[in-house]
Amino acid sequence: MDDHLRTTTDRVDAGGGATALLTASPGLTASPEPPQVSTVDALATAVEDALEDTEQLLARFLAERTAHARTTAPVCGALWTDLGNLVGGKLIRPRLTIAAYLGLGGADVRAVAPVAAAQELLHSAMLAHDDLLDHDERRRGRPNVVGATRARLTARGVPARTVDEQAVAAGLLAGDVALASAFRLVGRAPVPPAIRVELVDLLATSIETTVHGELLDVTSALEAPHESQPLLVAALKTADYSCRLPLVSGAVLAGVPELGARLGDVGDALGLAFQLVDDELGVFGDPAVTGKSTLSDLREGRRTELVRLAYQHADAAGRAVLDAELGRADLDEAGAAALRGVLVDSGALELTRALAARSAAQARELASATLPGPLAGYLGRVVDSLAGRGR
């Protein structure tokens, strides 16, 4: 990512209650002057400044909730600690929320910071539940909630079956509290009640849409790979909450909900490109960079567009390899290499990349045609950064 879209690190700032944080926290401007965002660079700088406030708010919120949980029981505190370790990374969703808000004339960091932070907690909830469904115990190269719970209990000598049950429960419950916290943050945003209600409704609708996409993804395992609908899954499961929701929320906060539909269309195209690239990296990426195994998607037999196109275009020998190796729980590197060969030789990889490029181009064109210049230019940078990952 470029300097204006730099990766940020997790920060946990102990102290400060959530209510005080959202109303008069140190670092949040009490009476902000409208930021000067007449150019793309100026908007990018303003986004990063507001993102720092959002990170501080999020870190203090997590510290406050973790401390509160410890007063209930140590295990509750441990759950929040593990969840806090899942939060962070590139912070794409908060950035999109802030960019839409500032790019459409918003000026109050106090208003946008909790809503932007809520997008990141929603993402953490989806990661916790998605990892659980995919049987993944690592995220960004380190143990996720399930993995951390397993390590603690195993070190205590707890029987393996009990460890499995407890670790799965922790992953589920961590996702639940992250969802609740996203609503808590939006509910405490210092905005007029009508706007707060609209933001809550947007959040609830997006969660429902994402659950539908997740369900279609899970049940696609019951279908033949060439009959699955991975693009629909990507639209529902990824694009909606990752791109559409943050952008539309920013428009609502800025008081221009009529631009929400345009931003939603940009988000849909951006989200599809993001997912297609993510699917590629899940098979062909560098684990040292992505923090994700290149075997897990193949072992799970995930019905991605890459796989669907491979079945559609592979010859008989290629389809035989797909049938024999895809979805094998004990798939090794040799089997994975054979699968990758089919994905390349069938043209599926090239076709997937072309589709991702077209979707990215559509996002840029929609932004340029319908949004103010600085915001359109900023979103163009986001498109280039996300679509170019791993290249």
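**Entry 1: helix 10 and helix 16.** I looked up how helix 10 (residues 260–284) packs with helix 16 (residues 348–370) in this predicted model, and found an angle of about 155° with the axes 8 Å apart. Helix 10 is therefore roughly antiparallel to helix 16, a term for angles over 145 degrees. Axes are lines fitted to C-alpha atoms, over the stretch in contact for helices, and angles run from 0 to 180 degrees between N-to-C directions. Helices are DSSP runs (H or I) of at least four residues, numbered from the N terminus.

I then listed the residues in contact (heavy atoms within 4.5 Å). Among them are Arg-262, Asp-265 and Phe-284 of helix 10, and Leu-349, Arg-353 and Thr-370 of helix 16. By class, I noted 15 nonpolar, 4 polar and 4 charged residues in this contact. Asp, Glu, Lys and Arg count as charged; Ala, Val, Leu, Ile, Met, Phe, Trp, Tyr, Cys and Pro as nonpolar; the others, Gly among them, as polar.

**Entry 2: Arg-95.** I located Arg-95 in helix 4 (residues 92–103). Arg-95 is buried, at 3% relative accessible area; buried means under 20%, with a 1.4 Å probe and protein chains only. I also found a polar contact of 2.9 Å between the side chains of Arg-95 and Glu-48.  Such a contact is a pair of N or O atoms within 3.5 Å, where one must be able to donate a hydrogen and the other to accept it within protein, and residues adjacent in sequence count only if both atoms are side-chain atoms.

**Entry 3: basis.** Residues are numbered from 1 along each chain as its sequence is written. Local features need pLDDT of at least 70, side-chain atom pairs count only at pLDDT 80 or more, and totals for chains, interfaces and linings use all residues, while side-chain values use heavy atoms, leaving out hydrogens and water.

Notes: Helix = DSSP H or I, 4+ residues; strand = E, 2+ residues; numbered from the N terminus. Parallel < 35°, antiparallel > 145°, perpendicular 65-115°, else oblique. Buried < 20%, exposed > 50% of the residue type's maximum accessible area, 1.4 Å probe, protein only.
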